[in-house]
Amino acid sequence: MDTSTAPLVPVQPDFPSNAIPDAAANPLQSFAQVMPPSVLRWEEQGDFDALLARISATLRPADMMEEMWTRDVADLVWQIFRMRRMKDTLVDEASYRGLAEVLRPRMSSVPRPDGVEPNEDWASRCLSALVQRWAANPNAVAGTVQAALAKAGLRLDAVEAKTFELLIDQMERFDRMTMMIERRRNSIVREIARYRTEFSQQAQRAIDAEVASAPSRAAHEGHAT
């Protein structure tokens, strides 16, 4: 017999001992590792991992189904945080539009920089320059903007309110999307509770059936002996 012939069953490659996580020791971690990442490029994976760990500690998944639901809950909570952050960022990014709308009917409150001649369109040019500087770096002109608003009897929250008004349709869409995600999250949490209740009831019925059948089995075994 030619012992040099290759075996019909392929030999499994040798994997390092840490290549496959110990599912019994940490089932949620092993399941989470095979799931696609839930973070965007500018988000921190460590923040999501911490959120997943805290939700896992609260829900305490007991099997594969609960592990999947736990991960779903973490993903949805992360999406809710993302939607809220994006909504705030959108308002902040568009604040230059709100500033322009607030100061346009109050151009006399906009300061005239040195070198700008007070001709017929100087106020418009000053407002345009101030808005552009605010869009580029709000902190650099915060004092000037606050002074202009104060001269008109206003505060920075007037800019925020006007910006929100300009974006009201987008804000409503953000809120609707957030509420949809919240409903999905709540539904999964309820599903976990229902699943655990049914499992507990099934286990109790099995125990009751076992206890009920014990006397008849004992009597049968007694007759058999």
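Contact here means heavy atoms within 4.5 Å. With that in hand, welcome to a predicted model, in which local features need pLDDT of at least 70, side-chain atom pairs count only at pLDDT 80 or more, and totals for chains, interfaces and linings use all residues. Residues are numbered from 1 along each chain as its sequence is written, and side-chain values use heavy atoms, with hydrogens and water left out.

**The whole protein**

- Read from the N terminus, the order of elements is α-α-α-α-α-α-α-α.
- Of the 225 residues in the protein, 26% are buried. Buried stands for under 20% relative accessible area, exposed for over 50%, and partly exposed for what lies in between (1.4 Å probe, protein chains only).
- The protein has an accessible surface of about 15800 Å², and carbon and sulfur atoms account for 56% of that. Such areas come from the Shrake-Rupley method with a 1.4 Å probe, and for residues only the protein chains shown count as cover.
- If you take the contacts between residues at least 6 apart in sequence, 66% of them join residues at least 24 apart.

**The largest nonpolar core**

- A nonpolar core is a set of buried Ala, Val, Leu, Ile, Met, Phe, Trp, Tyr and Cys residues joined through side-chain atoms within 4.5 Å. The largest one holds 22 residues, and Phe48, Ile55, Val73 and Ile188 touch the most other members.
- Two or more residues of this core come from each of helix H2 (45-59), helix H3 (64-93) and helix H8 (168-224). H3 gives the largest share, nine residues.
- Isoleucine 55 touches Thr70, Val73, Ala74 and Val77, leaving aside residues up to four places away in sequence.
- Isoleucine 188 is part of helix H8. Its relative accessibility is 16%, so isoleucine 188 counts as buried.
- With residues up to four places away in sequence left out, isoleucine 188 touches Trp69, Asp72, Val73 and Leu76. Between isoleucine 188 and leucine 76 there are 9.9 Å in space, C-alpha to C-alpha, although the two are 112 residues apart in sequence.

- Another core, of 15 residues, lies apart from the largest one; among its members are Leu99, Val102, Val145 and Val159.
- Helix H4 (residues 95-103) packs against helix H7 (residues 156-166) at an angle of about 110 degrees, and their axes are 8 Å apart. Axes are lines fitted to C-alpha atoms, for helices over the stretch in contact, and angles run from 0 to 180 degrees between N-to-C directions.
- H4 and H7 are therefore roughly perpendicular to each other. That label covers 65 to 115 degrees, while under 35 counts as roughly parallel, over 145 as roughly antiparallel and the rest as oblique.
- On the H4 side, the contact is made by Ser95, Arg97, Gly98, Leu99, Glu101 and Val102, and on the H7 side by Ala158, Val159, Lys162, Thr163 and Leu166.
- Sorted by type, the residues of the contact of H4 with H7 are five nonpolar, three polar and three charged. Ala, Val, Leu, Ile, Met, Phe, Trp, Tyr, Cys and Pro count as nonpolar, Asp, Glu, Lys and Arg as charged, and the others, Gly among them, as polar.

- Alanine 148 lies in helix H6 (residues 142-151), and counts as buried because its relative accessibility is 2%.
- Not counting residues up to four places away in sequence, alanine 148 touches Leu103, Ser109, Val110 and Pro111. Alanine 148 and leucine 103 are 45 residues apart in sequence and 8.2 Å apart in space, C-alpha to C-alpha.
- Phenylalanine 164 sits in helix H7 and is partly exposed, with a relative accessible area of 33%. Its contacts, not counting residues up to four places away in sequence, are Lys87, Val91 and Met171.
- Arginine 60 lies in the loop between H2 and H3, and its 65% relative accessibility makes it count as exposed.
- Most residues other than glycine have a negative phi. Arginine 60 is not a glycine, yet has a positive phi of about 50 degrees.

Conventions: Helix = DSSP H or I, 4+ residues; strand = E, 2+ residues; numbered from the N terminus.
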